[in-house]
Amino acid sequence: MTVDDTGSGAGGDGRVDPHAPDNGEDPLALRLEQLILGAERRYTPFQAARSAGVSMELASRFWRAMGFADIGQAKALTEADVLALRRLAGLVEAGLLSEAMAVQVARSTGQTTARLAEWQIDSFLEGLTEPPEPGMTRTEVTYPLVELLLPELEEFLVYVWRRQLAAATGRVVQAADDEEMVDRRLAVGFADLVGFTRLTRRMEEEELGELVEAFETTAADLVAARGGRLIKTLGDEVLYAADDAGVAADIALRLVETLANDETMPELRVGMAFGTVTTRMGDVFGTTVNLASRLTSIAPRDAVLVDSAFAEELIRTGEAPVSEAEAAAAEKEGEESPSYRFALQPMWQRPVRGLGVVEPWLLNRREGRSS
């Protein structure tokens, strides 16, 4: 949607812009929009802001944060747009959110749902709207399909959101103190397909898309199943995090093992670091994240590198021995050997751009240990 910041000029007095987007638009597209939004176009942005009791400046900030384009003063908004403005402004007026936080809520929701909507249209609806009979167009099939799917998808979206919100809230309230709620100690891992750039030159676009989708699906399923959180996917790379270093280590090794057994997949390398991480809008930032990324770039093929803090955390929690020599000595002396899950091998110290000298450790699963 398009917004005029001032509310003055052509549409400032509430008159309809003669170049409104509904003039000359496809009737079916308008019917689909009305079906999805559940209301007809009634307001210009200025009229909607006025009806919601919100300044045009604040309305513009909210709309742009949600990812909607400026539309001047076309009559393109509905009662739902007015209600959304009223709700956000009401949260600010009640003191529940600051204005900056309300804009951030609008932005995070807009970015997340925009990606979801694009995926559903590109991948989901496109495959389902193949005309069942000769002579029928895709658009003729789309309307009844959307009519049937819309309420089900809406209910499912709310269910998943509530589940994710409950899980995220649970993690935050278990933080040791208020400071840790924002800057938390996490294990962060990057998993990167080796030689992906060369693959893009050799493979057809459709084949490459299938490979990326298979990689992202495999990674997402493994991360979720083992108790981690997928932060984002970048085509040939995934970023994930876990509260526990042992969980993150298990995920990394399982990713390498799974892709190594798939002949259609390139080799994988993983870099991980443990430390303080700043979380914002579902993403993670900070030196720990940068270090994990750098370790990925120097990791051997089909291998996992971790930083010294990650290694120390595994040792502290009893997931790995201080050294293999210590573990062997304990066994030789007849002592009961701890049930270590992982093995750590120190590598040569090396300078890493922007982070100084780091000491990477090669992570492996101890023989006979697979959770």
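Modeller: Val-158 has its place in helix 6 (residues 138-173), where helices (H or I, at least four residues) and strands (E, at least two) are DSSP runs numbered from the N terminus. With 37% relative accessibility, Val-158 counts as partly exposed; buried means under 20% relative accessible area, exposed over 50%, and partly exposed in between (1.4 Å probe, protein chains only). This is a predicted model, in which local features need pLDDT of at least 70 and side-chain atom pairs count only at pLDDT 80 or more, whereas totals for chains, interfaces and linings use all residues. Residues are numbered from 1 along each chain as its sequence is written, and side-chain values use heavy atoms, with hydrogens and water left out.

The setting comes before the detail. The protein has 13 helices and 10 strands. Of its 371 residues, 38% are buried. Among contacts (heavy atoms within 4.5 Å) between residues at least 6 apart in sequence, 67% join residues at least 24 apart.

Helix 9 covers residues 205-225, 21 residues in number, and from its first C-alpha to its last it reaches 30 Å, close to the 30 Å expected at 1.5 Å a residue. The expected span is 1.5 Å times one less than the number of residues. In helix 9 the buried residues are Leu-208, Leu-211, Val-212, Phe-215, Ala-219, Leu-222 and Val-223. Viewed down the axis of helix 9, these buried residues fall within an arc of 110 degrees, so they line one face of the helix. The arc is that of the directions from the helix axis to the C-beta atoms. The other side of helix 9 carries the exposed residues Glu-206, Glu-213, Ala-224 and Ala-225. Just after helix 9 comes Gly-227, with a positive phi of about 100 degrees.

Helix 3 spans residues 56-65 and is mostly covered, with seven of its 10 residues buried. These are Met-56, Leu-58, Ala-59, Ser-60, Phe-62, Trp-63 and Ala-65. Gly-67 follows helix 3, and its phi is positive, near 95 degrees.

The whole structure contains 14 salt bridges, each a side-chain nitrogen of Lys or Arg within 4 Å of a carboxyl oxygen of Asp or Glu. One of them joins Asp-243 to Arg-229, with the closest N and O atoms 3.4 Å apart. Since Asp-243 lies in the loop between strand 3 (237-242) and helix 10 (245-260), while Arg-229 lies in strand 2 (residues 229-233), the pair ties together parts that are 14 residues apart in sequence. The two partners fall into separate accessibility classes: Asp-243, at 39% relative accessibility, is partly exposed, whereas Arg-229, at 15%, is buried.

The C-alpha atoms of Ala-248 and Arg-229 are separated by 9.6 Å, although the residues are 19 apart along the chain. Ala-248 is buried, at 0% relative accessibility. Residues up to four places away in sequence aside, Ala-248 touches Ala-187, Tyr-240, Ala-242, Met-272 and Phe-310.

Helix 10 takes part in a further charged pair. The side chains of Glu-257 and Arg-365 meet in a salt bridge at 3.2 Å, N to O. Glu-257 lies in helix 10 and Arg-365 in strand 10 (residues 361-365), so this pair ties together parts that are 108 residues apart in sequence. Glu-257 is partly exposed, its relative accessible area being 34%, and Arg-365 counts as buried at 17%. Both residues belong to a network of salt bridges that also links Arg-226, Asp-250 and Arg-254.

One more pair lies elsewhere in the chain. Arg-341 and Glu-319 form a salt bridge, their closest N and O atoms being 3.2 Å apart. This pair links distant parts of the chain, 22 residues apart: Arg-341 is in the loop between helix 13 (324-332) and strand 7 (342-346), and Glu-319 is in the loop between helix 12 (308-316) and helix 13. Glu-319 is buried, with a relative accessible area of 13%.
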